Amino acid sequence: TGMFTYDPGFTSTASCESKITYIDGDAGVLLYRGYPIQQLAEHGDFLETCYLLLYGELPTGAQKADFDYRITRHTMVHEQMAKFFQGFRRDAHPMAVMVAAVGALSAFYHDSTNIADPTQRLVASTRMIAKIPTLAAMAYKYSIGQPFVYPKNDLDYTSNFLRMCFAVPCEDYKVNPVLARALDRIFILHADHEQNASTSTVRLSGSSGANPFACIAAGIASLWGPAHGGANEAVLKMLEEIGTPERIPHYIARAKDKDDPFRLMGFGHRVYKNYDPRAKIMQTTTREVLSELGVKDVLLDVALELERIALHDDYFIEKKLYPNIDFYSGITLKAMNFPTAMFTVLFAVARTVGWIAQWKEMIEDPGSKIGRPRQLYTGAPQREYVPITKRA
Ligand code: CMC
């Protein structure tokens, strides 16, 4: 047993080298390819961030125009995918639909499954980033029984997504630029986060040579869990359950009680032992969206008060538990009219670029090999088979 390092949860194991994302959890710093997340969120747009994550540098004007064009050209999905959606129960969780739909892409784009060809790797990356909003919007439309809306390619990435989600055939739909900008920023904040559970899942799946669509389906499955991407949905459910600021102390007490499994959703992080820089930007975005829509949501008051109390509570201070990105995103998405079940889907839309960039980096790393963790066996020692008639 002395042969392997035992590291449950990989708290001290680096599984790869990467040039994509840097986190300093103690200082609360997040950089994509060296650029602070705050600067990208304030000045950039999501597709520029995608280019940066994929290629390592910010694009020139010409490179950006070419990239936008390439993504736009790939936004449609094969018409048979619509039939695939029809097979689901109409109340299926959209994350269940997404795991299946993204996995199904590998059955449509056979050329992109040839991962040995660098051109095909790029085409696969483009297809994934371009089609994920289309699939996400289809999952949403299906869940509410409305017809699918085709992409409209003179719109920017995020406006197009909003239109595919909220346009209906009987009415004109005009994208609200403030909301499009806010959602674009939310996408930037979620675009990558180094070797978290879903990204590690994508890399581990891809290390066997599996095709990128299948790997991203695996990543989406991992993201679904409430300890990971599912937390934004869990936060909103928690805030609704708390309901009013007066009831917060009861929930704080529960979160601190060792015998109670309840945790404050949207609090704590494996890597950040300081304020999650994304949560700060998210909080500002939440205020902007609520004010644009003229929405007064008591859940924002509950969230702000919960944060205030927790940040002054010894338990949370000692354990360095701060709000994470999911703490405010749910309130924003709710104000935009997304149902709770779509929150993690939106996370998946944004994280797709991170997954594909990490997958590509792994495939192109000459030092990478199939991921194959070892174990400490704690089961029965070797023993003799006993016929069933002789078993006590
Ligand atoms: N509420 C109450 N106590 C907590 C919380 C919380 N949200 N998070 C951690 N703790 C306590 C935990 O009980 C443990 O206490 P002790 O040392 O006495 O046993 C200590 O803090 C360390 O927690 P841990 O579970 O060992 O830490 P971890 O690094 O394994 O887990 C986490 C990180 C994010 C899973 C966890 O903090 C958590 O469950 N948070 C709530 C869910 C959440 O918001 N997830 C979103 C993460 S950010 C976005 C994303 O990754 O998708």
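**Entry 1: Gly225**

I began with Gly225, which sits in the loop between helix 10 and helix 11 (231-242). I note here that the model is a predicted one. I then looked up the distance from Gly225 to Ala197, 28 residues away along the chain, and their C-alpha atoms are separated by 9.8 Å.

**Entry 2: Domains**

I looked up the domain assignment, which gives domain 1 (14-226 + 343-364) and domain 2 (231-335). The C-alpha centres of domain 1 and domain 2 are 26 Å apart. For the contacts, I have 22 residues of domain 1 against 23 residues of domain 2. On the side of domain 1 that touches domain 2, strand 2, helix 1, helix 8 and helix 17 each supply at least two residues. Helix 8 gives the most to that side, with seven residues. I sorted the touching side of domain 1 by class and wrote down 15 nonpolar, five polar and two charged residues.

**Entry 3: The largest core**

I turned to the largest nonpolar core, which has 111 residues. Met98, Val102, Ala139, Ile216 and Ile220 have the most contacts inside this core. Helix 17 (residues 343-364) contributes the largest share, 13 residues. The core takes at least three residues from each of domain 1 and domain 2.

Which residues is Met98 in contact with, leaving aside neighbours within four places in sequence? I listed Leu135, Ala136, Ala139, Ile220, Val345 and Ala348.

**Entry 4: Helix 5**

I checked the length of helix 5 (residues 94-105), which has 12 residues. From its first C-alpha to its last, helix 5 reaches 16 Å, close to the 16 Å expected at 1.5 Å a residue. I noted its buried residues as Pro94, Met95, Val97, Met98, Val99, Ala101, Val102 and Leu105. These buried residues pack against helix 4 (80-86), helix 6 (118-143), helix 10 (212-223) and helix 17.

**Entry 5: Helix 13**

I repeated the length check on helix 13 (residues 277-293). Its 17 residues should span 24 Å at 1.5 Å a residue, and the end C-alpha atoms are 25 Å apart, so the two values agree. In helix 13 I found Pro277, Arg278, Ala279, Ile281, Met282, Gln283, Thr285, Thr286 and Val289 buried. The cover over these buried residues includes strand 2 (29-32), helix 1 (37-43), helix 8 (177-190), helix 14 (298-311) and helix 16 (326-335). Just after helix 13 I came to Gly294, which takes a positive phi of about 65°.

**Entry 6: Gly371**

I ended with Gly371, in the segment after helix 17. Gly371 counts as partly exposed because it has 15 C-beta neighbours inside 10 Å. Which residues are in contact with Gly371, leaving aside its neighbours within four places in sequence? I wrote down Arg203, Leu204 and Ser207. Gly371 and Arg203 are 168 residues apart in sequence, yet 8.2 Å apart in space, C-alpha to C-alpha.

Conventions. Residues are numbered from 1 along each chain as its sequence is written. This is a predicted model: local features need pLDDT of at least 70, side-chain atom pairs count only at pLDDT 80 or more; totals for chains, interfaces and linings use all residues. A nonpolar core is a set of buried Ala, Val, Leu, Ile, Met, Phe, Trp, Tyr and Cys residues joined through C-beta atoms within 7 Å. A residue is buried if 20 or more other C-beta atoms lie within 10 Å of its own, exposed if 12 or fewer, and partly exposed in between; C-beta atoms are placed from the backbone. Helices (H or I, at least four residues) and strands (E, at least two) are DSSP runs, numbered from the N terminus. Domain bounds come from an automatic or database domain assignment. Two residues are in contact if their C-beta atoms, placed from the backbone, lie within 7 Å. The expected span of a helix is 1.5 Å times one less than its number of residues. Ala, Val, Leu, Ile, Met, Phe, Trp, Tyr, Cys and Pro count as nonpolar, Asp, Glu, Lys and Arg as charged, and the others, Gly among them, as polar.
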